[in-house]
Amino acid sequence: MGAALEIRNVHKSFGAREVLKGVDLTVPAGDVVAVLGPSGSGKSTLLRTINHLERPDLGYVAVHGELIGVEVRGARLHELPPRAVRRQRTRIGFVAQSFNLFPNLTAQDNVAEPLVAHKRLDRPAARARAVELLAKVGLGDRGGAYPRQLSGGQQQRVAIARALALEPGLLLFDEPTSALDPELVGEVLSVIRQLADTGTTLVVVTHEIGFAREVADAVVFIDDGVIVEQGRPAEVLDRPQQTRTREFLSKVL
Ligand code: ADP
Ligand code: MG
C-alpha cells in the first residue's frame, strides 16, 4: 500500500520564530505513528499543518497522494483550491487535547453534526449512525447525555466517535489523554488501540510511552522543530542513538 501521509522538508515560522525547521516523514497506510517530544518542540504545529490549519512556508504535505501545499523558496508551485482543501479536511480526523464538544448538544448530536453538515444525511439517519459510532467507543447507551453529564474520558471518546463519523483515512490525535485524570487515561487509550487494530492510519502525539511502545509501528522524536530520531518503538525507546532523545526519555520514563 502507498503512503497515507508524506511530509517533505516542511518549514513553518511564526514571525521571526521558526517552529518547524525541515520536517520529513512518511507514514504508510495503516500504520500508527507515535510522536514524542518536549513542550514547544512543534508537535501541534506539525499536526495543524497536516490538517491544513497551518500552511507550510516551504515544503509540502501529501495525504493519500494528494498534495496540500508545495512551495519552493517562495514560489508556490501547486496549491489546492479552497474547496478541495475543505474536502480533504473532511478526510482527516482530528482529536485535540481538550474535547471541544458542543456543550448545548447531546453526545449523539455532537457525533451526528458532521454527518449532517458534510454527508448531507438527514437528521434521523445521522442520529442512527451516531449511535453506532458511539457504540464503537463504548458509549452506545449515552447518546442522550450532554457533555457536562459525562466524565472527561467519556467526552474524549465522544470526540473520537465524532472524528470517525466521516470515515477518515487518517486520524490525528494531539495529546488525547493529557487533559484527563489519570484513572480515565486507560479507557481512551484502549479506544485508540482498537482503532489501530482496524487499520486506520493514526498519528498520535502522546507522552504515554507505554502506549507508544505497545501500539505504534513507529516512534518519532521531535525536538526544536526537527525530527531528531525515528524508528521502531524498540529502537527509539530502548536504544536511542541521539543524546537529545536519551535526555528526553530519561525525564519521561
Ligand atoms: P508543542 O505542541 O510541541 O508543544 P507547538 O507546535 O504548540 O509545540 O508550538 C511550538 C512553538 O510555536 C511554541 O514556541 C509556540 O509558542 C509557537 N507557536 C505555535 N503556534 C503559534 C502561533 N499561532 N503564533 C505564534 N507562535 C506559535
Ligand atoms: Mg502541543
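**The whole protein.** Please note at the outset that this is a predicted model. Display the protein as a cartoon: 9 helices and 12 strands make up its secondary structure. Along the principal axes, the C-alpha atoms occupy a box of roughly 50 × 45 × 35 Å. How does the radius of gyration relate to that of a compact globule? For 253 residues such a globule would have a value near 18 Å, and the protein has 18 Å, so the two agree. Of these 253 residues, 43% are counted as buried.

Next, select residues 3–14, which form strand 1, together with residues 17–28, which form strand 2. The two strands are paired in the antiparallel sense, with 9 bridges between them. Within this pairing, highlight K12 and find L20 of strand 2 opposite. Then move to the turn, where 2 residues lie between the strands. Here G15 adopts a positive phi near 60°.

**Helix 1.** Now select residues 43–50. Is this helix mostly covered or mostly uncovered? Helix 1 is mostly covered, as 6 of its 8 residues are buried. Colour K43, T45, L46, L47, T49 and I50 to show these buried positions. Finally, step just past the end of helix 1 to H52, whose phi is positive, at about 65°.

Definitions and conventions:
Residues are numbered from 1 along each chain as its sequence is written. Chains are lettered from A and ligands numbered from 1 in the order in which they are written. This is a predicted model: local features need pLDDT of at least 70, side-chain atom pairs count only at pLDDT 80 or more; totals for chains, interfaces and linings use all residues. Helices (H or I, at least four residues) and strands (E, at least two) are DSSP runs, numbered from the N terminus. The radius of gyration is taken over C-alpha atoms; the globule rule is 2.2 Å times the number of residues to the power 0.38. A residue is buried if 20 or more other C-beta atoms lie within 10 Å of its own, exposed if 12 or fewer, and partly exposed in between; C-beta atoms are placed from the backbone. Two strands pair if DSSP finds at least two bridges between them.
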